[in-house]
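Subject: A structure for you to look at

Hi,

Here is the structure I promised to send over. Could you open it and keep it beside this email while you read?

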Amino acid sequence: MTQTSTPTSNTRKINPMGLIGRYGTFAAFLALVVFNILFTPNFLSWQTLNVNLTQVATIVIVAIGMTLVIATGGIDLSVGSLMAISGAIAPMIFMGGLIPIDNMAVAVTLSFVVPVIIVMAFGWFNGFLVTRFAIQPIVATLVLFIAGRGIAQVATNGNLQVFKNEAFQFIGMGRVMGIPAQVIIMLVVALLAHCLIRYTVIGRQIIAVGGNEKAARLTGIPVRKVKTFVYVISAALAALAGLIVVARNSSSDANLVGLGMELDAIAAVAVGGSLLTGGRANILGTLLGAFVIQLVRYTLLANGVPDAAALIVKASLIVIAVYIQQRADKV
């Protein structure tokens with residue numbers, strides 16, 4: 001008597017899209033590294049590493065805040081403008097443009113604290129529009145996307161602020177044991193955000209709200225507070241990134257600081273594997289996604305491709321990442 005084999009519960013169906021969604025970002029990162037090692041001169045030099053790390057630091061910082069917002073099912077288009085506001089206010093404080101402060105140590109300290117607090121208030125405003133008036137996040141944050149840069153331009157009268165202040169510029173140009181200070185800040189922010197999502201109650205609430213808001217509300221999760229919280233954190237990280245940018249450039253231009261950062265942040269989140277529809281927050285994936293975005297741009301520039309082409313590539317990466325996510329969920 002012959003026996004026929006039947007499928008068991010241990011048999012697993014291989015999901016190609018799922019594998020790509022899980023390991024595709026890392027594979028892309030390795031492919032870019034190998035390509036540059038083979039075809040880009042001086043890619044393995046310390047100078048190249050330093051350039052890429054300092055360029056990616058602000059993208060990662062902003063993208064982590066964007067990851068938290070997207071995890072709740074929202075989006076924040078105002079991050080670039082909030083960077084401009086923060087970058088405009090800080091030099092005005094230690095240069096005496098607002099209130100003359102004789103003690104430079106106090107002035108520099110305030111130039112770190114005050115812009116972040118002010119921008120966090122704008123983040124609360126974003127959350128207020130989303131939670132209290134039920135305005136779609138893309139529309140609610142579009143308000144400051146448009147008006148925020150105008151606020152920064154009005155505050156500076158449209159003038160370029162040029163300065164030299166070593167204490168303030170340390171976050172953008174300083175080093176700790178040879179490591180750029182902004183890279184250390186990036187890693188600390190990534191670690192804290194990872195721990196927030198993995199090991200705290202608010203982290204689980206963020207994922208729950210993005211996964212099913214109605215169910216989260218029925219289980220007693222304060223949905224409004226959670227949503228407001230992520231917009232405030234996103235704003236705070238955008239403010240920090242704005243301070244780093246102006247410190248690194250030794251100048252503040254409200255027209256240019258944070259310009260296009262929204263696309264970079266969203267691209268990093270999408271490429272990193274976080275669902276743009278909410279319910280998932282992959283902080284380490286966002287970190288890796290930001291490195292992929294930066295390496296794509298560096299690879300194109302180093303091989304003579306115009307910078308404008310990088311915008312097309314980044315937009316394409318978002319489309320591809322979203323397509324892979326959708327296909328992986330359907331299988």
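First, some ground rules. This is a predicted model, in which local features need pLDDT of at least 70 and side-chain atom pairs count only at pLDDT 80 or more, while totals for chains, interfaces and linings use all residues. Residues are numbered from 1 along each chain as its sequence is written, and side-chain values use heavy atoms, with hydrogens and water left out.

**Spaces**

The search ran on a 1 Å grid over the protein atoms alone: a cavity is a set of points where a 1.4 Å probe fits but cannot get out, and a pocket is an open set with protein on both sides within 12 Å along at least five of seven lines. Lining residues have an atom within 4 Å of a point. Points are joined across faces, edges and corners, and a volume is the space filled by probe spheres set on them.

The second largest pocket holds about 530 Å³. Its lining has 25 residues, and Leu256, Leu259, Met261, Asp264 and Arg297 lie nearest the centre. Helices and strands here are DSSP runs numbered from the N terminus (helices H or I, at least four residues; strands E, at least two). Among the elements that each give at least two residues to this lining are α2 (46-71), α10 (223-249) and β4 (251-252). The largest share, four residues, comes from α13. By type, the lining has eleven nonpolar, eight polar and six charged residues, where Ala, Val, Leu, Ile, Met, Phe, Trp, Tyr, Cys and Pro count as nonpolar, Asp, Glu, Lys and Arg as charged, and the others, Gly among them, as polar.

There is one cavity of 30 Å³ or more, and the largest cavity has a volume of about 30 Å³. Its lining consists of Ile59, Asp264, Ile293, Gln294, Arg297 and Lys314. Helix α12 supplies the largest share, three residues.

**Helices**

Which residues of α11 are buried (under 20% relative accessible area; exposed is over 50%, partly exposed in between, with a 1.4 Å probe and protein chains only)? They are Met261, Glu262, Asp264, Ala265, Ile266, Ala267, Ala268, Val269, Ala270 and Val271, making ten of the eleven residues in this mostly covered helix.

The axes of α11 and α12 come within 7 Å and cross at roughly 120°. Helix α11 is therefore oblique to α12 (under 35 degrees is roughly parallel, over 145 roughly antiparallel, 65 to 115 roughly perpendicular, the rest oblique). The axes of α4 (residues 104-132) and α10 also come within 7 Å, crossing at roughly 145°. Residues in the contact of α4 with α10 divide into 13 nonpolar, six polar and three charged.

**Backbone**

Most residues other than glycine have a negative phi. Asn42, in the loop between α1 and α2, has a positive phi of about 60°; this residue counts as exposed because its relative accessibility is 60%. Met177, in the loop between β2 (175-176) and β3 (179-180), has a positive phi near 55° and is exposed, with a relative accessible area of 81%. Gly273, which follows α11, has a positive phi near 105°.

Happy browsing!

How values were computed: Axes fitted to C-alpha atoms, helices over the stretch in contact; angles between N-to-C directions.
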